[in-house]
Amino acid sequence: MADAAGRGPSTAHRVLVAADKFKGSLTAVQVAQRVTAGLRRVVPDLEVEALPVADGGDGTVDAAVAAGFERREVRVAGPLGHEVTAAFALRGDTAVVEMAEASGLQRLPAGVFAPLTASTYGSGELLRAALDAGARTIVFGVGGSATTDGGAGMLSALGARFLDADGEPITPGGGGLAELAHADLSGLDPRLASVDLVLASDVDNPLTGPKGASAVYGPQKGASPDDVETLDASLAHYVKVLEEAIGSGAAEYAASPGAGAAGGIGYGALILGARFRAGIEVMLEVLGFAPALERATLVITGEGSLDEQTLHGKAPAGVAAAARAAGKEVVAVCGRLALAPEALGRAGIRRAYALTEVEPDVAKCIADAGPILERVAERIGRDVLL
């Protein structure tokens with residue numbers, strides 16, 4: 001398409017849209033659809049390939065399904081014990097399991113938090129469903145959790161037993177770990193020993209202490225300062241009891257990167273023998289990003305808020321790093337931009353386009369994110385493709 005001066009695109013572009021969700025507004029799939037629509041208003045015959053991405057948190061299963069995985073649904077326990085329908089993704093013998101599908105904040109009633117009692121039992125049921133489906137490799141994406149139980153609920157669903165001094169099962173949730181007197185992991189599903197379990201997360205916190213699951217993420221789940229103290233002490237006690245059951249490895253796992261992810265479910269996964277990897281790196285491999293990147297001349301990434309957190313393992317940073325290594329140009333879309341051009345440049349992003357540049361009213365940006373994003377994409381088309 002020619003611009004007002006009669007010029008056409010300088011080169012034949014093929015655009016790869018590899019963006020994460022705009023949390024609370026658009027899924028990653030919808031972001032790709034809106035960006036594509038906006039670009040094609042400027043260059044109608046433009047080749048666009050959509051590869052929605054995720055970093056292991058909520059939206060990970062949707063990204064896998066968009067990349068060709070089969071969506072499988074199963075009834076599992078939600079964080080408060082009520083049954084919910086959760087999904088995992090399967091392609092061949094590889095499964096993508098998202099803990100937030102079963103145990104995420106999204107599974108709590110609006111305005112309700114349960115920092116002491118929310119359980120990861122349903123996440124264990126999801127893992128078991130993946131095993132039942134024949135999975136030999138399981139990418140376990142963790143993030144967005146409602147829980148801080150150190151993965152005890154998950155382990156229970158997979159056959160572990162956590163008992164109080166009277167030999168009775170402890171109550172669910174991180175608060176219940178204070179009652180723990182005996183842990184028995186001998187009943188864990190034997191299939192776990194022959195599965196490649198990958199813990200995919202964008203955080204590398206340890207389980208306990210000032211940078212641990214309770215202190216850093218507990219308040220996001222409704223934990224008061226007293227709750228944070230209670231949960232941290234309960235998790236530390238949990239580790240000591242597990243040391244009696246499985247040896248010194250229990251304490252080593254607790255201090256390992258990723259143990260504190262998603263309320264400590266990372267710790268439970270490490271106990272199961274999981275390998276910890278940056279969530280976006282794992283997901284880019286699983287989704288087939290490398291061949292898609294090879295086909296592209298321009299990459300568009302993004303997420304709802306581009307800020308300091310983005311630079312520490314979030315999806316756009318991972319996409320930009322891989323694209324820069326391949327010599328591909330990258331621009332980003334976002335709802336809100338809180339990074340200076342210099343920081344974007346260091347991350348490999350040429351420029352970021354925010355919804356607030358088109359519509360300064362943040363509430364309107366959230367409510368009408370789709371149409372506004374299309375207008376943002378038109379700007380990218382004019383700036384970059386013509």
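Helix 1, residues 28–42, packs on helix 16, residues 369–385, at an angle of about 50°, and their axes are 7 Å apart. That makes the pair oblique, a class left over once under 35 degrees is roughly parallel, over 145 roughly antiparallel and 65 to 115 roughly perpendicular. Axes here are lines fitted to C-alpha atoms over the stretch in contact, with angles from 0 to 180 degrees between N-to-C directions. Helices are DSSP runs (H or I, at least four residues), strands likewise (E, at least two), numbered from the N terminus.

A caveat on the source: this is a predicted model, where local features need pLDDT of at least 70, side-chain atom pairs count only at pLDDT 80 or more, and totals for chains, interfaces and linings use all residues. Residues are numbered from 1 along each chain as its sequence is written, and side-chain values use heavy atoms, without hydrogens and water.

Who makes the contact, meaning heavy atoms within 4.5 Å? From helix 1, the residues include V31, R34 and V35; from helix 16, they include G370, P371 and L373. By class, the contact has 10 nonpolar, three polar and five charged residues. Ala, Val, Leu, Ile, Met, Phe, Trp, Tyr, Cys and Pro count as nonpolar, Asp, Glu, Lys and Arg as charged, the others, Gly among them, as polar.

Now the pockets. A pocket is an open set of points on a 1 Å grid, where a 1.4 Å probe fits, with protein on both sides within 12 Å along at least five of seven lines; lining residues have an atom within 4 Å of a point. Volume is the space filled by probe spheres set on the points.

The largest pocket holds about 790 Å³. It has 27 lining residues, with K23, G144, D202, Q309 and K314 closest to the centre. Strand 11 gives the most, three residues. The lining has six nonpolar, 11 polar and 10 charged residues.

The second largest pocket holds about 290 Å³. Its lining divides into 12 nonpolar, eight polar and two charged residues.

Note on methods: Contact means heavy atoms within 4.5 Å.
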